[in-house]
Amino acid sequence: MLSLGAWLVLWALLSGNQGWAFGAPLAVFAACVSWQVSLHAEPVHLKHLPAFLGFFLAELFVGGWDVARRAWHPRLPIKPQWVHYQMSSTEPRVQLLLSAMVGLLPGTLASHFDGQTLCLHALDHRQNWYETIARLERKLDRLLKKSHP
């Protein structure tokens, strides 16, 4: 079960530590609902967290810079295209987080996944979107892979 503390921390991060009159009751509600549906956070492998955060934050910056550059210089060449990425991980948490996080990477946005195939819109399909997503998937897999005793 995600504890009340985890929901409060999540609220603080997402709200910029503001709006507690709304956030605190919402966190209590979320904790009660998560307890009712037996929602629990699986452990992560903390030794892989620094590498994951470093990679993701760097790519987040690159993605933001790329979008800003294209906004200021709209004549930059783009070649938008729907592309498919074949996920290698069978871990549902990895697949779900990967589909949610690729929109924060440079020039990609996931629309859905079907089985092992992630359907993406690439702003410029000539960019190396495939390797960036593959690296993110590998890092998520190491971070979230369930340990076997």
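Guide: In this predicted model, threonine 132 is found in helix α5, which covers residues 129-144. Its relative accessibility is 18%, and because the cut-off for buried is under 20%, threonine 132 counts as buried. Leaving aside residues up to four places away in sequence, threonine 132 touches Phe55, Glu59 and Leu105.

Helix α3 (49-72) and strand β2 (108-114) each supply at least two residues of the lining, and α3 gives the most, with four residues. By class, the lining has seven nonpolar and six polar residues, and no charged residues.

Helix α3 also holds phenylalanine 52 and phenylalanine 56, which lie four residues apart, about one turn of the helix. The centres of their rings are 5.9 Å apart and the planes stand at 5°, so the pair is stacked, given that planes under 30 degrees apart are classed in this way. Phenylalanine 52 counts as buried at 7% relative accessibility, and phenylalanine 56 is buried as well, with a relative accessible area of 10%.

A further aromatic pair is formed by tryptophan 129 and tyrosine 130, and this pair is edge-to-face, with 5.7 Å from centre to centre and 70° between the planes. Tryptophan 129 counts as buried at 12% relative accessibility, whereas tyrosine 130, at 39%, counts as partly exposed. Ring pairs link Trp129 and Tyr130 with Tyr85 into a cluster, and the structure holds four aromatic pairs.

Helix α5 takes part in one more arrangement, for it is included in what covers the buried residues of α4, together with α3, β1, β2 and β3 (117-122). The buried residues of helix α4, which spans residues 92-101, are Val94, Gln95, Leu98, Ser99 and Met101.

As to how far the prediction can be read, the mean pLDDT of the protein chain is 85, and 92% of its residues reach 70 or more. Confidence is highest in strand β1 (residues 81-86), at a mean of 95, and lowest in helix α1 (residues 4-15), at 84.

Technical notes:
Residues numbered from 1 in each chain as written. Predicted model: local features only at pLDDT ≥ 70, side-chain atom pairs only at ≥ 80, totals over all residues. Heavy atoms only, no water. Nonpolar A, V, L, I, M, F, W, Y, C, P; charged D, E, K, R; others polar. pLDDT = per-residue confidence, 0-100. Buried < 20%, exposed > 50% of the residue type's maximum accessible area, 1.4 Å probe, protein only. Contact = heavy atoms within 4.5 Å. Phe/Tyr/Trp six-rings, centres within 6.5 Å; stacked < 30°, edge-to-face > 60°.
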